[in-house]
Amino acid sequence: MSSTRIGLIGCGKQAHKHISGLSAIPGVEVVLADSEPVLARSLAEEKGLDWVSEPRRIADDASIRAIDICTPTPSHAELIRMAVESGKDFFVEKPLCGSLGEAHELYKLATDAGRIGMVGYVYRFAPAFEFGRTILEGVPATGTSDVVGRIVTASMRIGGRGSHQLWKHRKDTGGGAISEMMVHMLDLAIWYFGPVRNVDILACDLLRPRRVIRGKEEAVDAEDYVVARLKTAGGVDVLCQADLVTPAFTQFIEVQGEAGSFMASIQPDMPSFLYCCRDVGGYSAGKHELHFEAANYFEAEMAEFVEAVRSRKPPSRRTLQDSILVMEALEMMRNKITDA
């Protein structure tokens, strides 16, 4: 097998996860770049990889087939354009870009050029949530699951402590609980229940305006606590909470149907179960505890992307069309916040 060279731009915290995923794929070579060359060199030496002095050299290298973008959101659009214009496919960390208008522009640019594009909503590769997608098959179109019946309510929660990087807590650098955390729950809500048609903002606050980041106290201005109520095209009500104030990371989803319940989390110490009110779909009536083997979501995500690059077929999940739906929900959310 000939090697597939991937240029990775942005050598911060997220790059380590991407490198781990890409390095697990036979025949993949990774080349690093960053706007701060010292970061690229340091990470390359640590991981035993090649590096170049600036991102533009990744685009100009004809041997590199695709670009993996691990930079803050405000830089995504420019780097995606650079990738597409240089004839390369791209993977970009969530969210796709800064605005819905920009998202439509990038989608058209990539589609017209015949490029593969994928956005990093990694929870779609978690076994617990993959299982949930099979249980909720049909809900996006009808609002009803063959297993748990018509969906009555759903709740999604994700929280972390934040304070890792200053840019993640500043508005002008694309930070905040919405872009960092809420987008993951929006993506799962759309995957499970279909496109979002309405958003109500129940809370959007900055609870910790000062943060100690890398040993220095900083003033921050991006929201760190958000609660939203979504209404999907299938008529499902979804309550989503996301924050950057939880001391220990927490995440779960809970779905209540007329004929059963489903609860799941990526955390092994959180309960995952399916409850059925009747015998259905191979499940007896009652509660079924669910246990999933440990999995590296980034390996699965990167493998999906590389296979799409090699086969020239769009990924089976996390297409650019999916990301447009997330951007539409984000736009609704931000408009409601601005109008409030």
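A: In this predicted model, helix H1 spans residues 13-23, and its buried residues are Ala15, His18, Ile19, Gly21 and Leu22. Viewed along the axis of H1, these buried residues fall within an arc of 165°, so they line one face of the helix. That pattern can be set against helix geometry: an α-helix has 3.6 residues a turn, so residues three or four places apart point the same way.

The buried residues of H1 pack against strands S1 (4-9), S2 (28-33), S4 (64-69) and S5 (89-93). They also pack against two helices, H2 (37-47) and H9 (297-311).

Helix H8 can be followed through two of its residues. Residues 177-193 form H8, and leucine 188 is found there. Leucine 188 counts as buried because its relative accessibility is 0%, under the 20% cut-off. Leaving aside residues up to four places away in sequence, leucine 188 touches Tyr123, Phe129, Met156 and Ile253. One of these, phenylalanine 129, is 59 residues apart from leucine 188 along the chain, and their C-alpha atoms are separated by 8.2 Å.

Serine 179 also lies in helix H8. With 5% relative accessibility, serine 179 counts as buried. Its contacts, again not counting residues up to four places away in sequence, are with Lys94, Pro95, Gly174, Glu223 and Arg334. With arginine 334 there is a polar contact between side chains, at 2.9 Å.

Terms used: Residues numbered from 1 in each chain as written. Predicted model: local features only at pLDDT ≥ 70, side-chain atom pairs only at ≥ 80, totals over all residues. Heavy atoms only, no water. Helix = DSSP H or I, 4+ residues; strand = E, 2+ residues; numbered from the N terminus. Buried < 20%, exposed > 50% of the residue type's maximum accessible area, 1.4 Å probe, protein only. Contact = heavy atoms within 4.5 Å. Arc of directions from axis to C-beta. Polar contact = N/O pair within 3.5 Å; in protein donor to acceptor, adjacent residues only side chain to side chain.
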